[in-house]
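Here is a short note to read alongside the structure. Please keep the 3D view open while going through the points.

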Amino acid sequence: MHPVSVSIPSFRSENNSIEKGYTVFKIEVLINGRQHSVEKRYSEFHTLHKMLKKNIKPPEIPSKHVRNWVPKVLEQRKQGLEHYLQTIIMENEILPKIFLDFLNIRHCPSIPKTESYGSFDTESEGSSKLSHQPVMLFLRDPYLLPSAHDAYSNVVIEGVIHGIFYPDLQLR
């Protein structure tokens with residue numbers, strides 16, 4: 001089972017004087033026990049679908065055109081979009097970065113193999129691949145265990161260690 005789950009619990013209609021009305025869908029994302037929500041218009045789902053088609057075979061997306069904007073029709077569209085997102089998660093062991101970006105998932109520690117291609121960024125595919133290299137390696141913790149040949153021991157670290165582990169011990 002994937003550590004990512006999504007649902008679309010609600011939607012709302014927006015109207016303004018600049019553009020005709022549209023519907024905003026609230027997506028609740030649960031990842032590793034943490035929940036957040038994002039709001040997306042259908043046009044953003046449609047853009048996601050077009051981008052996903054470049055890398056995977058996504059499921060069918062609900063129709064772009066809706067004849068009337070009655071609540072029952074919008075409820076059906078909401079359910080269709082929720083099923084669309086859930087199917088992408090179920091059918092893909094590795095979630096594309098474009099999908100994670102869409103859901104505002106920036107860091108997925110329990111998904112070790114998320115793809116680094118297919119983001120909304122306009123960078124070339126080769127330059128968007130990430131490479132993670134260790135910068136420094138310690139064979140032991142240099143802060144907790146000062147080296148035996150260190151002529152000047154760290155008084156602060158010793159005081160903290162004694163204070164935590166031996167609070168009743170009196171130093172001379």
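1. A definition comes first: helices and strands here are DSSP runs, helices being H or I with at least four residues and strands being E with at least two, numbered from the N terminus. In these terms, asparagine 32 belongs to the loop between strand 2 and strand 3. Please keep in mind that this is a predicted model.

2. Overall content. The protein has four helices and three strands. Along the sequence they come in the pattern β-β-β-α-α-α-α. Of the 172 residues, 30% count as buried. Among contacts with a separation of 6 or more, 44% are between residues 24 or more positions apart.

3. The three strands make an open sheet in the order 1-2-3, and the pairing is antiparallel. Strand 1 and strand 3 are at the edges with a single partner strand each, so one side of each has no neighbour in the sheet. On average, neighbouring strands are turned by 20° against each other, direction ignored.

4. Strand pairing. Strand 1 (4–14) and strand 2 (22–31) are joined by nine bridges. One example is serine 10, whose bridge partner in strand 2 is lysine 26. Between strand 2 and strand 3 there are eight bridges, and these two strands also run antiparallel. Here isoleucine 27 stands opposite valine 38 of strand 3, and isoleucine 31 has arginine 34 of strand 3 as its bridge partner. Seven of the 10 residues of strand 2 are buried, so this strand is mostly covered.

5. Helices on the sheet. Which strands does helix 1 touch where it packs on the sheet? Helix 1 touches strand 1, strand 2 and strand 3, and its direction makes about 100° with that of strand 3. Helix 2 also packs on the sheet, where it touches strand 1 and strand 2; its direction makes about 155° with that of strand 1.

6. The buried side of helix 1. In helix 1 (residues 42–52), the buried residues are Tyr42, Phe45, Leu48, His49 and Leu52. Around the axis they cover an arc of only 115°, which puts them on the same side of the helix. These buried residues pack against strand 1, strand 2, strand 3, helix 2 (71–91) and helix 3 (97–102).

7. Aromatic pairs. There are three aromatic pairs in the count. In one of them, the rings of phenylalanine 25 and phenylalanine 45 have centres 6.3 Å apart and planes at 90°, so this pair is edge-to-face. Phenylalanine 25 is in strand 2 and phenylalanine 45 is in helix 1, so the pair ties together parts that are 20 residues apart in sequence. Both phenylalanine 25 and phenylalanine 45 are buried.

8. A second pair joins two helices. The ring centres of phenylalanine 45 and phenylalanine 102 are 5.1 Å apart and the planes are at 65°, so this pair is edge-to-face too. Phenylalanine 45 is in helix 1 and phenylalanine 102 in helix 3, so the pair ties together parts that are 57 residues apart in sequence. Why do these two residues count as buried? The relative accessibility is 0% for phenylalanine 45 and 1% for phenylalanine 102, and buried means under 20%. Phe11, Phe25, Phe45 and Phe102 form one aromatic cluster.

9. Charges over rings. Lysine 40 has its charged end over the ring of phenylalanine 102, 4.8 Å from the ring centre. Arginine 77 has its charged end over the ring of tyrosine 42, 4.0 Å from the ring centre.

10. Two asparagines to check in the view. Asparagine 32 is not a glycine, yet its phi is positive, at about 50°. The hairpin of strand 2 and strand 3, in which asparagine 32 takes this phi, has two residues between the strands. Asparagine 32 has a relative accessible area of 41%, so it is partly exposed. Asparagine 104 is not a glycine either, and has a positive phi of about 55°. Asparagine 104 is in the loop between helix 3 and helix 4 (155–165). With a relative accessible area of 36%, asparagine 104 is partly exposed.

Technical notes. Residues are numbered from 1 along each chain as its sequence is written. This is a predicted model: local features need pLDDT of at least 70, side-chain atom pairs count only at pLDDT 80 or more; totals for chains, interfaces and linings use all residues. Side-chain values use heavy atoms; hydrogens and water are left out. Buried means under 20% relative accessible area, exposed over 50%, partly exposed in between (1.4 Å probe, protein chains only). The arc is that of the directions from the helix axis to the C-beta atoms. Contact means heavy atoms within 4.5 Å. Rings of Phe, Tyr and Trp (its six-membered ring) pair if their centres lie within 6.5 Å; planes under 30 degrees apart count as stacked, over 60 as edge-to-face and the rest as tilted. A charge sits over a ring if NZ of Lys or CZ of Arg is within 6 Å of the ring centre and within 35 degrees of the ring normal. Two strands pair if DSSP finds at least two bridges between them. Axes are lines fitted to C-alpha atoms, for helices over the stretch in contact, and angles run from 0 to 180 degrees between N-to-C directions.
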